[in-house]
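Dear colleague,

I am passing on the structure below for you to look at alongside my notes. Please read them with the structure open.

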Amino acid sequence: MKLLLVLFSSLFLNAYFYFCLFLHQHKQPASLGWTGSAATEAEAVAAVNCSGHGRAFLDGVLAGDGLPVCECNKCYYGSDCSRLLHDCPADVDSGDPLFLEAYWQQQAASSAVVFSGWHRMSYSTDGKDYITIELEKHIRILHKVVGNAVTDGKFIVFGSGSAQLINALVYALSQSNASSSPASVVASVPYYPLYKKQTNLFETREYGWGGTTSNWANASVSSVTNFIEFVTSPNNPDGEFKQPVLGSSAVIFDHAYYWPHYSPILDPADEDVMLFTNSKISGHAGSRFGWAVIKDEGVYERTTKYLSLNTVGVSRDTHLRVLKLIKVMITEKGGKGDIFEFGYRTLKARWSKLQELVSSSSRFSLQQLSAHYCNYFRTIRDPSPAYAWLRCEWKEDEDCHEALRKASIISRSGPLFEAGSQYTRLSLIKTQDDFDLLLKRMQPLVSQEEMASS
């Protein structure tokens, strides 16, 4: 009898505990407190139908129903962005990385950020030099996970995009040289135009634009000149890996595109001054966040001095958003939600389609990029550049940018990179609509050539 009682008691307790576990796993989430209205508003705006050719934003212009209107991709219009302007040019000029928007829509829950109205109101942060400790820590973790840069034993500074850091680093390096002559800031053709534009804008007695490295290649001249050399690797616009040309120069390595969606990761970069931008990693160009990794403490202190006097640090709200994004990237590494896998697949497909189209033409050619082993993916990967560096081969197309403009394609002219006018840059990182329209506008140029030769 006692044995039966013990057995029934045990069965009853087991059933009770399983029932409690079931209730715990299936219970409704507690109602939100002060975040409730903000979350409801964000969900409502995210649900606005823009036909896949636009999006609505919380701070957008309000429609009659109280919800923000759709902001359409270029060439689309209408209340839901469903109508196409058929004579609209393909705009592939800018490096606006909207190709990653679809990724973050898939990561809606994990990437969402809600913060209080009193979040970090102070000028100060919990870290030194207006840096939040957790964000700096996760940036170091991200570099280690990806394997693209060494940060151990080095300093990190934040900027309002890498654009702000360009001149901050030029200032810091120009002050570090004992030479009485001003530093000459140089780069190799083709180079990112902002290096020259910013140096000319902020030119001081300490530094000025010195032109291209080819002008200073003579060792007898370069050995007595104080240089600051920009090296973009992989390069913008052609995606090639670059090295310094002037051996005596202080070097700023811009590694904006040294991430697995654009480039094979060969080895961790370990230079004295390295520049990165979040816009090309996560696609959030509008958040305006970048960072520099600096080895020398003196260069670091002069850089932070510049940034402190210039903007008193980066928006603390941006810190929080970028921290959330980086946490997602780290967590999803190697899984179905890997942003680098998503970005690589997207750009590889775009490059392959454009390359296939251009390869059938004698009128145009593209830069030659090879497959390489990538330490991140642990396999040989095909090219997936951010930009196509297009060359017009025909003599009558001496100005390639103009030749494309006549075909309703807006590109970025080669002379802006101090290259020849027979070159022009096509951005592959904008929206899918922009890329599809580029192919549509390029096709007649190739077809006309085929008809002329038949």
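Tyr387 stands opposite Ser427 in E19, where strand E16 (residues 387-392) and strand E19 (residues 423-427) run antiparallel and are joined by five bridges; strands here are DSSP E runs of at least two residues and helices are H or I runs of at least four, both numbered from the N terminus, and two strands pair if DSSP finds at least two bridges between them. This is a predicted model, in which local features need pLDDT of at least 70 and side-chain atom pairs count only at pLDDT 80 or more, while totals for chains, interfaces and linings use all residues. Residues are numbered from 1 along each chain as its sequence is written, and side-chain values use heavy atoms, with hydrogens and water left out.

The open sheet has four strands in the order E13-E16-E19-E18, with antiparallel pairing. Strand E13 (364-365) and strand E18 (412-413) each have a single partner strand, so one side of each edge strand is left without a neighbour in the sheet. Helix H12 (residues 339-359) packs on the sheet and touches E13, E16 and E19, its direction making about 10° with that of E16; contact means heavy atoms within 4.5 Å, and axes are lines fitted to C-alpha atoms, for helices over the stretch in contact, with angles from 0 to 180 degrees between N-to-C directions.

As for confidence, the protein chain averages a pLDDT (the predictor's confidence in each residue, from 0 to 100) of 91, and 90% of the residues score at least 70. Over residues 3-8 the pLDDT is below 50, and this stretch has zero contacts in the model beyond near neighbours in sequence.

Best wishes
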